[in-house]
Amino acid sequence: MQLLILFLTTLLIGYIATLCWFRFAQKRLWLDQPNHRSSHAMPTPTSGGIGFVIAFFLYTLILFWLQVINFNELLLLSAAIVLAITGFIDDLRDLSIQKRLFSQFAVCCFVVLTIQGNPVLVVFGDLQIEGIEVRIFILLGLLWLINLYNFMDGIDGLAVTEAIFFSLSIALLVLSQGNYAIAIIALGLALSLCGFLYFNLSPAIIFMGDLGSNYLGLLLGVIGTLGIVSGTVNVWTVLVLLSVFIVDSTTTLIARMRAGLVWYHGHNSHAYQYAARMFKSHGKVVAAVCFINIFWLLPLAWMTIRYQEAGLILTGLAWIPLAILSTFCKKGTSASPLN
């Protein structure tokens, strides 16, 4: 009963906090102004991610008070707030790439050094890596996840629905392995996000901003890492669940670098952006991603737990069709080439 009340309260707080911020941002004219790279046409309140940041932080404090999580886990789950703050500053006035990367690197180092336990990466068959090599892999993975989440937050509802899918999937998978604590953590994040989702579905009336995307990028990585350290999921599980975002952002980044373009400049050349222009709909693209996630990637993620020694092959099965689909989306329309 305590958890049920906590779940409902978290959902309500996420909704109310987002609504309050929407009204406040409108009055202060903290708006995302459309430009030639934008997928929206009207000035829209930004930094709306503050709603789910507040909701989830309060949720984790109560979990700590209820002794569902320990102090180390509370620290890890709260580390992303630092990136939410720097993201908010970036939303108001653009920060340099150096300042953004420094803050991201510092927070990711804190996370990696704070992790308890000995994470292990089963590469293939009996070959596995552990110790400092895995922690370096996690550090680089967290840095990339923060940035790719920012890259993929470009149409209404996509980033938040992906985070909800990941959270619910992790909760389901770890629960099936008997890990209730991480399942409760992940469910709380999903509920925090649902309050924001109501305002962000197409046509969105508020954006999460860098505040929200930076926060989610790190937080999803932290939750995935906690699952890995607990032994209930593995690195391949996390990589499969996030396949849509990983493949689109990585292939687009490689294409831009090969074309001699500055990788960190804003653009509208991701596959999901091409698809949104092709179908003239944000909602159809989000629905298609949800379909792929639920009916293709979730079963593969479950298989990475059941057959961890084949995780590399299963991840390839997840990524290769998505890479082909990404290429098809970019060739399927001549609208807005790389810029």
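Entry 1, the model. I am working with a predicted model, in which local features need pLDDT of at least 70 and side-chain atom pairs count only at pLDDT 80 or more, while totals for chains, interfaces and linings use all residues. Residues are numbered from 1 along each chain as its sequence is written, and side-chain values use heavy atoms, with hydrogens and water left out.

I looked up the secondary structure and found 14 helices and four strands, where helices (H or I, at least four residues) and strands (E, at least two) are DSSP runs numbered from the N terminus. The radius of gyration is 19 Å, close to the 20 Å that the globule rule gives for 339 residues, so the protein is as compact as a globular protein of that length; the radius is taken over C-alpha atoms, and the rule is 2.2 Å times the number of residues to the power 0.38. I noted that the C-alpha trace spans about 50 × 40 × 35 Å along the principal axes.

I located Thr 46 in the loop between strand S2 (44-45) and helix H2 (50-65), and with a relative accessible area of 8% Thr 46 is buried. Leaving aside neighbours within four places in sequence, I found Thr 46 in contact (heavy atoms within 4.5 Å) with residues including Trp 21, Trp 30, Asp 32, Asp 91 and Phe 207.

How values were computed. Buried means under 20% relative accessible area, exposed over 50%, partly exposed in between (1.4 Å probe, protein chains only).
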